[in-house]
Amino acid sequence: MSLRGRTATARELLVLLVEHGRWWLVPLLGVLLLTALVLLVLHAAQYVAPFVYTLF
Amino acid sequence: MKILGLSAFAHDSAAALVVDGRVVAAIEEERLSRTKHDGGLPHNAVRACLEAGGVAMADLDLVVMHEKPLDKFERLLVSQLRSFPRSGRQFVRAMGTWLSDRLWQREAVVRALGCRTSRVVFAEHHLSHAASAYFASPFQEAAVVTVDGVGEWATTALYHGRGGELVPLAELHFPHSIGLVYSALTAFLGFEVNDGEYKVMGLAAYGQPRFLDALRGVCRVSPDGALNVDPRCFAWAHDADSSYTPALERLLGPARRPGAPLVLPAAPGSDSARWADIAASAQALLEGYLLTLIGEAHRRTGARALALAGGVALNAVANRKLLEQGPFEALYVQPAAGDAGGALGAALWAAHALGGEAHAEARGEARATAGRRGPGLETPFLGRACAPADVRRFLDDVALPYSCPEALHATVAERLARGQVGGWVRGRAEWGPRALGARSILADPRGDHVKDHLNRKVKLREPFRPFAPAVLEDEAARWFVPVAGKQDLTTPLMCSVAPATLEARERLPAVVHVDGTARVQHVAAHSDLGRLLSEFRERTGVGVLLNTSFNLAGEPMVGSVAEACSTFLRSELDFLVVEDCVVERRAS
């Protein structure tokens, strides 16, 4: 899936949370999305996989 | 305007094609993928719908998803945080699924279907259900009630359908959900959630609702239809593995583990008797709640008709009570009332609310066009058909013996009257979980042994489950008691039960449940199944056939000639009809 498409969806989600008065979820969401991104990148680089297991 | 509705990324995925307000095709993915309750993106159903409508992917004006994933994700975050740290394990699992897959539905649809991003819009889950009920019904004005497990936040919703417009009136939000209570009790009784709810409904007839007061104590209902579920007994908000807690077992006794023997009728004081009583109590709780809810819907709308959808609307026993005891004069239930039906509703909603608007800018915003509505659901036969030439070619290829009698209906009626049981695959497949005479197993309902034979040897399922009758309209009242003075639009779709008359109880034991009711289907004499029923009546004096879905336990209903033949050969059916061919077993 394209990074552009995912960014647009993530932006929509942020707007929705703010509109619904749930802005306090934004930091949590930021951490989750960052984690997902890190995992996505590390998943692509198989040689670092053993280190990922120690982190998560 | 060509609109494709999709239900996906949960359970019971489906696609529906609506062209200029008319439903052209609607197909559940499980019928094509052969995975029961398939929850993936419905690639096969999409292809089949477009083929049926002669529409290319590029011609689609809109692709409408049946729910809003971002709102659902928001609910997940909020509800999991509320019950943290108990929800810790579920949170990790849920985030894994959502962040890797379910959050990015728009991109997944765009990639899979090759459509433009701007053509993909999202309708709310309960709005999709409501649209599937209202726009499929023949009513100009109706109270529309949707009840299921949970959508984004809503678990239950009331709408007022009027002049082609759906006005939202009230919603009940997660975690308070009568659908989830019924599902939790389904799991408590050892059945699979999202599949075994029918079994609870069937089992309820064997019990007494002696746990009703206990359940009412933990599921409190307000006069306005609000529900408050006690989180000490129900765990769906924070537990990924169990939907109930040990507190519920203290209230009702030990839960039944899946596969534990269920002996019915049960000996007094036995575990089986207690489980049947719990099922009866769950059913009574549900019916009581729904009656309160539709009372509120009637008070708010003043409408004379009620349209229902959502998985709970598949509870045929409750539907009868709603029409019989509720304030409405007419009742319609959309035949695919569960989540599959959301695909139809999403497409119908877009057809009515977005209409000819510039959809690229619409992006899911409703623009109601009052005073206009389509023709409704003109037929439930919206699936794929088997081309007769393909059928013969297939049967020749696999060397199964067959004949193509000119008087097909008379030939089949003769065999059924002799006590044989046959598969019946004719025309386009049904939309929804009920077999209505396109993908059916048919049998003579008069024999005592028929029900047991079908459950044990043909369908390979629990012996306590009842079978349904298909009856000619003109003699329905002879066998099954209608709701006096009310318009019951559920009967052609097999969506409600009716008490059997004394004559039916004596002469049609195979289709009368232990509580003296039957989930009846009224059939018009001019229809294909009606012709068969008429021939059967000429031979037996009875215009009724046992009609059950053509599948084995745990499998979806058959679709193609190959699936029909496979199921035929793995069961103890006596013969199989596919289009105009009567297939026999090989002599060996």
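How many salt bridges does the rule find across the interface of chain A and chain B? There are two, a salt bridge being a side-chain nitrogen of Lys or Arg within 4 Å of a carboxyl oxygen of Asp or Glu. The views below show a predicted model, in which local features need pLDDT of at least 70 and side-chain atom pairs count only at pLDDT 80 or more, while totals for chains, interfaces and linings use all residues. Residues are numbered from 1 along each chain as its sequence is written, chains are lettered from A in the order in which they are written, and side-chain values use heavy atoms, with hydrogens and water left out.

View 1. Glu12(A) forms a salt bridge with Arg106(B), with 3.4 Å between the closest N and O atoms. Helix 1 (3–19) and helix 2 (26–44) of chain A each supply at least two residues of the side of chain A that touches chain B; helix 1 of chain A gives the most, with eight residues. Helices (H or I, at least four residues) and strands (E, at least two) are DSSP runs, numbered from the N terminus. The contact (heavy atoms within 4.5 Å) takes 18 residues from chain A and 20 residues from chain B. The buried area is about 1800 Å², 73% of it from carbon and sulfur atoms; this is the accessible area (1.4 Å probe) that two parts lose on being put together, summed over both.

**View 2. Strand 4 (residues 62–65) of chain B and its partners.** Leu62(B) and Val64(B) point one way from the strand, Val63(B) and Met65(B) the other way, and all are buried, that is, under 20% relative accessible area (1.4 Å probe, protein chains only). Strand 1 (residues 2–7) of chain B runs parallel to strand 4 of chain B, joined by four bridges; strands pair if DSSP finds at least two bridges between them. Gly5(B) has Val64(B) as its bridge partner. Strand 5 (residues 120–122) of chain B also runs parallel to strand 4 of chain B, over three bridges, and Val63(B) is partnered there by Val120(B).

**View 3. The open sheet of eight strands in chain B.** The strand order is 13-23-22-14-15-21-16-20, with mixed pairing. Strand 13 (402–403) and strand 20 (521–523) of chain B stand at the edges, each with a single partner strand, so one side of each is left without a neighbour in the sheet. Strand 14 (residues 422–425) and strand 15 (residues 439–443) of chain B are antiparallel, with four bridges; Trp424(B) has Ser440(B) as its bridge partner.

How values were computed. Buried means under 20% relative accessible area, exposed over 50%, partly exposed in between (1.4 Å probe, protein chains only).
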